[in-house]
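Subject: Structure handover

Hello,

Here is the structure for you to look at. My notes on it follow below.

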Amino acid sequence: MESIYYVLCWHCHRRCKHCYEERFRPYVRDELEAVVAEAERNAPRIVANLPARLSYLDHGVERSGRLILSGGDVLTDPVRERVLYPTLQAIREKYRAQGGVRVVVQTTGDLLTPVIIDELLALGVNTISVAGMDDYHVGMEGDKRQKLIDRLLAMFAAAGMQNSAIFEPRQPGEDLGPPLFNMFGATEEAWIGKLWPRGRAWQNGLSKASLEDNFCNAWSGGLNFLNHGQAGSEVSIDPTGDVYPCCLKTAHPLGNLLEEPLLEILDGLRALPALQAINAGSPQTMGLSHGWSEAQFLDACHTTTPDGRPYQNLCIGCDRFHQQVLGAVLDEASRERRARRLGVLARSSAVTGSVSQAEAGAPAC
């Protein structure tokens with residue numbers, strides 16, 4: 001794939017009012033141990049079920065894909081030491097002989113130190129992406145963030161990193177060049193724009209999106225997620241191993257990487273018209289094969305915000321279609337894939353057992 005957005009852990013040192021996921025927040029004591037232990041336990045299995053070779057075709061030329069490791073904030077204690085660093089080592093080992101992979105670590109930026117930057121680069125991180133540069137982050141409003149920006153720029157320069165918002169395409173095995181950094185935040189023009197109708201952004205009435213704002217028809221929004229191996233393909237993964245076609249997250253996961261490989265999930269769902277509609281960036285057509293006309297889908301896009309205002313967006317209709325129809329379809333598809341896997345394993349065990357019995361009865365040489 002061109003890109004995989006992997007949320008390592010729910011823990012974050014901030015509780016931003018615009019966050020798209022309510023579970024991204026500070027945890028303490030037993031709760032902190034629970035979310036870190038979950039991430040620590042699941043990460044090796046998730047990495048094991050990622051594609052064996054992470055690359056994609058760009059006009060017929062194979063390019064190195066990228067893994068974006070995010071949170072929460074992956075630099076918080078103890079996530080950094082117990083989850084992030086071992087995961088970076090596992091990724092490096094998995095792809096070392098497979099052309100490599102571009103690794104991006106996304107963070108709010110205020111936890112970065114020269115020591116942490118050096119440790120990240122030593123573990124194979126190619127890009128540090130600072131995602132907290134906006135007015136929604138407390139202490140970062142307006143000119144307040146300039147002090148942090150200046151400090152980050154000095155640390156990045158000392159580490160030999162270059163500023164680049166654009167990833168230059170590279171072929172597998174090709175030198176990726178100097179390490180990079182970039183900075184961005186939630187603005188009207190970039191990233192999550194008018195704010196997704198998700199998480200605390202939704203609870204706080206911050207989303208300004210309308211029915212005309214199609215988050216699906218954009219990078220990280222579901223567009224091309226089924227086209228693994230091709231430019232433009234990306235999926236999102238939760239700390240639980242759940243896989244989604246977009247960073248916003250549909251109301252039901254596609255499958256779970258604790259149970260099966262990512263490419264098996266995507267290939268097993270490729271024929272579903274509803275997911276083809278998401279893949280094409282046309283969520284309003286996702287119900288056609290299930291008796292939902294476009295008019296019915298658009299009607300389902302209307303709701304009321306928690307503070308009582310009328311609201312409409314395609315994500316709302318997508319949620320309702322998943323809840324009423326598609327979730328059950330995805331669960332059944334998952335059960336069918338599991339049955340096939342178990343059947344294959346059973347046949348393989350039977351064959352292995354037969355061979356062992358034959359070998360046991362064979363005369364010694």
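Start with Glu-332, which counts as partly exposed because its relative accessibility is 34%; buried means under 20% relative accessible area, exposed over 50%, and partly exposed in between (1.4 Å probe, protein chains only). Glu-332 and Arg-335 meet through their side chains in a salt bridge, 2.9 Å from N to O. A salt bridge here is a side-chain nitrogen of Lys or Arg within 4 Å of a carboxyl oxygen of Asp or Glu. Both residues lie in helix 9, 3 residues apart, about one turn of the helix. Helices (H or I, at least four residues) and strands (E, at least two) are DSSP runs, numbered from the N terminus.

Before the rest, two notes on the source. This is a predicted model, in which local features need pLDDT of at least 70 and side-chain atom pairs count only at pLDDT 80 or more, while totals for chains, interfaces and linings use all residues. Residues are numbered from 1 along each chain as its sequence is written, and side-chain values use heavy atoms, with hydrogens and water left out.

Salt bridges: the whole structure has 21 of them. One of them joins Arg-82 and Glu-33, with the closest N and O atoms 2.9 Å apart. This pair links distant parts of the chain, as Arg-82 is in helix 2 (residues 79-95) and Glu-33 in helix 1 (residues 29-48), 49 residues apart. Arg-82 is partly exposed, with a relative accessible area of 27%, and Glu-33 is partly exposed at 39%.

Aromatic pairs: there are 7 in the structure. Rings of Phe, Tyr and Trp (its six-membered ring) pair if their centres lie within 6.5 Å; planes under 30 degrees apart count as stacked, over 60 as edge-to-face and the rest as tilted. Trp-202 and Tyr-311 form an edge-to-face pair, 5.0 Å centre to centre with 75° between the planes. Trp-202 lies in helix 5 (residues 199-203) and Tyr-311 in strand 13 (residues 310-312), so the pair ties together parts that are 109 residues apart in sequence. Both Trp-202 and Tyr-311 are buried.

Nonpolar core: which residues have the most contacts inside the largest one? They are Leu-84, Leu-112 and Leu-120, in a core of 94 residues. Helix 9 gives the largest share of this core, 9 residues. Such a core is a set of buried Ala, Val, Leu, Ile, Met, Phe, Trp, Tyr and Cys residues joined through side-chain atoms within 4.5 Å.

Regards
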